Amino acid sequence: MKKVLNVAVAGCGYWGPNLIRNFSALPDCRVKSICDPAPARLKHMKELYPTVEVTSDFDSLVSDKEIDAIVVATPVHLHYELAKKSLEAGKHTFIEKPMAQSSAQCAELIAIAEKKKLTLMVGHTFIYSAPVRRIKEIIDTGDIGEVQYVSSRRLNLGLFQKDINVAWDLAPHDISIILYLLGRPPVSVNCQGKAHVNKDIEDVTNMSIDFPNGGFATIHSSWLDPNKIREMVIVGSKRMIVYDDNEPLEKIKIYDKRVETPPHYDTFAEFTYSYHYGDIHIPYIKQTEPLKVEAQHFLDSIRKGSKPESGGLEGLRVIQILEASSRSLKDGGGSVEIDTTLGTDVPAMA
């Protein structure tokens with residue numbers, strides 16, 4: 001594998017420039033080309049990165065033999081089409097979240113990547129953030145006991161999307177974090193919501209996710225809230241963690257609180273709950289830009305031929321949950337089962 005990898009980025013709208021900035025800052029990477037249909041965006045990016053080639057023709061990226069990897073940061077409805085072209089042309093491929101519009105599309109992209117022995121990674125940026133990785137370490141050590149449930153809220157005023165509802169827009173972050181923390185796929189999903197501004201596009205949703213061991217998670221997503229809230233509570237049998245991503249420094253607080261029930265009692269009068277109130281611990285966390293860590297992880301995965309922590313299967317699991325949430329919304333909130341075998345029947349990459 002050569003020392004410097006040539007990367008192309010498709011999409012210079014809301015998120016693409018952040019990816020371009022981070023890949024450009026990595027010493028073992030060269031952003032060779034940028035693609036976007038808007039001439040004004042290409043002109044602006046050319047002014048920022050004079051040595052980068054710009055084009056409005058995506059096919060010119062896949063036919064460029066000097067390009068090793070393509071980053072797809074376009075609107076969601078283009079993810080599958082462009083990622084498929086990229087993989088079939090032999091390019092390692094990074095897709096911004098959500099991975100595609102359906103689990104069938106995700107499974108096909110996984111199969112192509114495995115067949116061609118290419119790295120396929122999805123932009124689940126939060127699992128590369130220092131606070132989330134610290135929470136994962138705390139859970140894995142057993143410090144908070146058995147995780148009983150996770151409650152997440154991601155609320156703000158806008159930005160309204162035209163092709164996806166609020167669950168598809170905001171919940172992928174929470175779903176990817178929860179799956180990363182718990183380390184297993186769910187068995188079923190329930191979701192309720194309402195469309196207040198645009199007919200047929202829900203702007204507020206409440207999702208419930210069941211896990212096979214009795215674990216449980218809820219996700220509240222909204223484009224109609226006066227305050228920007230990014231909060232996740234992880235309740236363990238021994239301790240509880242509150243993760244507030246809006247906090248500039250104290251993003252994680254560990255509460256030494258729990259409720260205990262007596263192991264034995266003979267009468268109802270003897271039954272009493274025991275409420276434990278202890279200290280609050282705020283661990284120091286060295287801040288690094290998650291997107292930079294994520295971009296480096298993509299390059300490292302290519303070089304090592306290893307599976308990314310947010311690979312195609314992880315992207316597929318998020319889409320399965322979103323699909324199930326959409327079916328549940330149409331069914332008035334009914335339970336929809338998840339097929340946990342989908343995407344696991346392709347040969348291993350290495």
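Tutor: In helix α4, which spans residues 79-88, the residues His79, Tyr80, Leu82, Ala83, Ser86 and Leu87 are buried, where buried means under 20% relative accessible area, exposed means over 50% and partly exposed is in between, with a 1.4 Å probe and protein chains only. Helices (H or I, at least four residues) and strands (E, at least two) are DSSP runs, numbered from the N terminus. The model is a predicted one, so that local features need pLDDT of at least 70 and side-chain atom pairs count only at pLDDT 80 or more, while totals for chains, interfaces and linings use all residues. Residues are numbered from 1 along each chain as its sequence is written, and side-chain values use heavy atoms, with hydrogens and water left out.

The buried residues of α4 pack against α3, β4, β5 (92-96), α5 (103-116) and β6 (120-123), contact being defined as heavy atoms within 4.5 Å. After α4 comes Gly90, which has a positive phi near 85°.

Turning to the charged side chains, the count comes to 18 salt bridges, each being a side-chain nitrogen of Lys or Arg within 4 Å of a carboxyl oxygen of Asp or Glu. One of them joins Glu53 to Lys32, with the closest N and O atoms 3.1 Å apart; because Glu53 lies in strand β3 (residues 53-55) and Lys32 in strand β2 (residues 29-35), this pair ties together parts that are 21 residues apart in sequence. Glu53 is partly exposed at a relative accessible area of 39%, whereas Lys32 is buried at 4%. Lys32 also meets the side chain of Asp64 in a salt bridge (2.7 Å, N to O), and that pair links distant parts of the chain, 32 residues apart, with Asp64 in the loop between α3 (58-62) and β4 (69-72) and Lys32 in strand β2. Asp64 is buried, its relative accessible area being 16%.

A further salt bridge brings together the side chains of Asp256 and Arg239 (3.7 Å, N to O). Asp256 belongs to strand β13 (residues 252-260) and Arg239 to the loop between β11 and β12 (240-244), so the pair ties together parts that are 17 residues apart in sequence. Asp256 is buried, with a relative accessible area of 18%, while Arg239 is partly exposed, with 25%. Through salt bridges that share partners, Asp143, Arg239, Asp256, Arg258 and Glu260 are joined into one network.

Asp28, placed in the loop between α1 (16-25) and β2, is buried, with a relative accessible area of 15%. Leaving aside residues up to four places away in sequence, Asp28 touches Lys3, Val4, Leu5, Gln296, Leu299, Asp300 and Arg303. With the side chain of Gln296, the Asp28 side chain makes a polar contact of 3.2 Å, that is, a pair of N or O atoms within 3.5 Å, of which, within protein, one must be able to donate a hydrogen and the other to accept it, and residues adjacent in sequence count only if both atoms are side-chain atoms.
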